[in-house]
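Thanks for coming. I have one structure to show today, and I will keep it short.

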Amino acid sequence: MCLACEQGELEARWEMINVISAGKLPDGHTADDLRAMGLPLPGELYRDPQPDGSYIIRQRSPAEIAALKLKNFECDSPQ
């Protein structure tokens, strides 16, 4: 792959990571597509705001992801 093509591919991946960190799926992609490309799913990344107004994209640990899934679960049992 030429250097220009490699640079373009890296920029496209970065844009997808930026969208994912906002909690959205990139247009035209499914969760299976992201997994096949080795990218995380929405909710697995988050934006950590910094004092200067910028942000750092961080990845949640597997334990944090599991805790979020349990936290969002609501039982609809009548009991």
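I will go through the helix, the core, the hairpin and the cysteines. Please keep in mind that this is a predicted model.

Start with helix 1, residues 3–21. With 19 residues at 1.5 Å a residue, helix 1 should span 27 Å, and its end C-alpha atoms are 27 Å apart, so the two agree. After helix 1 comes G23, which has a positive phi, near 85°.

Which residues of helix 1 are buried? They are M16, N18, I20 and S21. The cover over these buried residues includes helix 2, residues 31–36, along with strand 1 and strand 2.

Two of those names return in the core. The largest nonpolar core consists of 6 residues: M16 and I20, then L34, L39, L41 and L45. Take L39: leaving aside residues up to four places away in sequence, L39 touches R13, M16, I17, I20 and L34.

Next, the hairpin. Strand 1, residues 45–49, pairs with strand 2, residues 55–59, in the antiparallel sense, over 5 bridges. P49 is opposite Y55 of strand 2. The hairpin has 5 residues between the strands, and G53 takes a positive phi near 95° there.

Last, the cysteines. How many disulfides does the structure hold? The count is 0. C2 is in no disulfide, and its nearest cysteine sulfur is that of C5, 3.1 Å away. A disulfide needs the sulfur atoms within 2.5 Å, so at 3.1 Å the sulfur of C5 is too far from that of C2 for a bond. C2 is partly exposed, at a relative accessible area of 40%, and C5 also counts as partly exposed, at 45%.

Notes
Residues are numbered from 1 along each chain as its sequence is written. This is a predicted model: local features need pLDDT of at least 70, side-chain atom pairs count only at pLDDT 80 or more; totals for chains, interfaces and linings use all residues. Side-chain values use heavy atoms; hydrogens and water are left out. Two strands pair if DSSP finds at least two bridges between them. Helices (H or I, at least four residues) and strands (E, at least two) are DSSP runs, numbered from the N terminus. The expected span of a helix is 1.5 Å times one less than its number of residues. Buried means under 20% relative accessible area, exposed over 50%, partly exposed in between (1.4 Å probe, protein chains only). Contact means heavy atoms within 4.5 Å. A nonpolar core is a set of buried Ala, Val, Leu, Ile, Met, Phe, Trp, Tyr and Cys residues joined through side-chain atoms within 4.5 Å.
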